[in-house]
Amino acid sequence: MVLLENILGTLGLEKERVWLRWISASEGQKFADTMKEMTDSIRKLGPNPIAKHWNL
Amino acid sequence: MTQKVLKVKDNDVIGSTNDFLKHLLSSGKIQALLVPQSTPSKKVAYPVLIADPKKLHADIIAPILPVATATIVSKMTKVQSPSKPIAVVMRSCQICALIELVKLNQANLTNIIIIGVDCPGTFPMNVYAGFQEKKTPTQFILETLSKKSTDAEQYLRSACQICKDPIPTHADIVLGFYGTDIEKEIVVEAHTEVGKDLIKELALEEQQEGKNREKAIKELREEKTKKRTMFLKEKEGIKGIEKVAEFFDKCVNCHNCRQACPICYCKECLFDSSVFDAEAYKFIRRAENKGLFKLPSDALLFQLGRMNHMILSCVECGLCEQACPNNIPLMDVFIPAAENAQKQFDYHPGKDKNEKVPMIVYREDEFLEVGEK
């Protein structure tokens, strides 16, 4: 994760775009909450800026 | 450590190092010697494995690193170690790479005796092979070592100019060219019992002034650190999607850099697999999504993927840059990335055999800031 965050940083991407969470199969509610939290947060960041580059 | 000196006969540095190596090979203590030796054309010096002392005409000063010596030693020892010792003559960066490969279970040091040489740096393969000056590249380096001129500096590969440490730290024997009058004597240090045993019967003389070498090494390291700090500052600018994309614009996805890298050892690289082959409609769908996209589309992904895989063990030998057919100055990006990543993990590739590669150790107290808050 730390290495990945470094690379994302070099590319100028927010490290908040990549999440790491540990959720057990029995933690259904936690899974749902985390997913919601994650999509809300990513939506706030907006679309991936790389998407508009055709040369990458 | 035992420190002795090898007297240089008639100012012939190469000849004297060859006499030393010949005696070593004839002693019966080693069965073969891996050492750089010029090809018949004299255009390049490759590592050669020599069994017959009469065939030895090595050039351990020749400023060229055509291939990763660490990879050669890996190929020679990974399947089965030699039954009797083999001595390998290596530069500092390659010893570091070899240690990393040992940690990654890709090489074995059983019956491998490392003879490290002080490294004044190497020229790019094409510069060395097409050298037009009256003097040979080796003569240029000898003049640097004897402090007669600094002309060699202009030809050095960028990786060598800002080398982290040109002095080998993990060798059984070190042949030292710094802190001595190289036209008169070469320093021979034995750092291990194996090394001591190997040089004990050779005609070497006692070292008179060991302090000179210590001082010279300190000065050399300081000078390199200064250049390195400047380099890191200069290259800070390669950040952000536009700049990174522009930097890799000339990458044709040939994967030569991966082939040349001593650390990239994967038998099958993901980027050589068929993982990026897909049905035509998937390509078309992608084109429709964006309007257009460049092909091959996985060049930058390959560069960043490779970096993610090897950067913690990167010894900054610069062979990736030398291998690039389009002369992308890869060190401009890889050295700052290595510096950053290795600092975060407080990891020093190739410096300690017992220091584990960060990716195979789990430490509960590490990077608590990553992930769930």
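Predicted model: local features only at pLDDT ≥ 70, side-chain atom pairs only at ≥ 80, totals over all residues.
**Entry 1: H2 and H3 of chain B**

I began with helix H2 (residues 69-77) of chain B and helix H3 (residues 92-103) of chain B, whose axes come within 8 Å and cross at roughly 40 degrees. That angle makes H2(B) oblique to H3(B). I noted the crossing of H2(B) past H3(B) as right-handed. On the H2(B) side I listed B:Thr69, B:Ala70, B:Thr71, B:Val73 and B:Ser74 as the contact residues, and on the H3(B) side B:Gln94, B:Ala97, B:Leu98 and B:Leu101. Sorted by type, the residues of this contact of H2(B) with H3(B) are five nonpolar, four polar and no charged.

**Entry 2: H12 and H14 of chain B**

I next looked up helix H12 (residues 299-310) of chain B against helix H14 (residues 331-344) of chain B. The two pack at an angle of about 35 degrees, and their axes are 11 Å apart. H12(B) also passes H14(B) in a right-handed crossing. From H12(B), the contact takes B:Gln303, B:Arg306, B:Met307 and B:Met310; from H14(B), it takes B:Val333, B:Phe334 and B:Ala337. I logged the residues of the contact of H12(B) with H14(B) as five nonpolar, one polar and one charged.

**Entry 3: H8 and H14 of chain B**

I stayed with H14(B) and turned to helix H8 (residues 211-234) of chain B. The axes of H8(B) and H14(B) come within 10 Å and cross at roughly 105 degrees. The two helices are therefore roughly perpendicular to each other. Which residues make this contact? H8(B) supplies B:Arg228, B:Phe231 and B:Leu232, while H14(B) supplies B:Met331, B:Asp332, B:Ile335, B:Pro336 and B:Glu339. The residues of the contact of H8(B) with H14(B) divide into five nonpolar, no polar and three charged.

**Entry 4: chain B against chain A**

I then checked the interface. Chain B and chain A bury about 2,100 Å² between them, with 67% of it on carbon and sulfur atoms. The contact involves 28 residues of chain B and 21 residues of chain A. How many salt bridges does the rule find across the interface of chain B and chain A? I got zero.

**Entry 5: salt bridges**

I looked up one pair, B:Asp19 and B:Lys9, whose side chains meet in a salt bridge at 3.7 Å, N to O. B:Asp19 lies in helix H1 (residues 13-26) of chain B and B:Lys9 in the loop between strand S1 (2-7) and H1 of chain B, so the pair ties together parts that are ten residues apart in sequence. As background, side chains of opposite charge can pair when their charged atoms come close.

**Entry 6: backbone exceptions**

I finished on the backbone of chain B. Most residues other than glycine have a negative phi, and most peptide bonds are trans. Is the peptide bond from B:Leu295 to B:Pro296 cis or trans? I found it cis, with omega near -5 degrees. B:Pro296 sits in the loop between helix H11 (280-290) and H12 of chain B. I also noted B:Glu316, a residue other than glycine with a positive phi, near 60 degrees. B:Glu316 is in the loop between H12 and helix H13 (319-323) of chain B.

Technical notes. Residues numbered from 1 in each chain as written. Chains lettered and ligands numbered in written order. Heavy atoms only, no water. Axes fitted to C-alpha atoms, helices over the stretch in contact; angles between N-to-C directions. Helix = DSSP H or I, 4+ residues; strand = E, 2+ residues; numbered from the N terminus. Parallel < 35°, antiparallel > 145°, perpendicular 65-115°, else oblique. Left-handed = near helix turned anticlockwise from the far one by under 90°. Contact = heavy atoms within 4.5 Å. Nonpolar A, V, L, I, M, F, W, Y, C, P; charged D, E, K, R; others polar. Buried area = accessible area lost by both parts, 1.4 Å probe. Salt bridge = Lys/Arg side-chain N within 4 Å of Asp/Glu carboxyl O.
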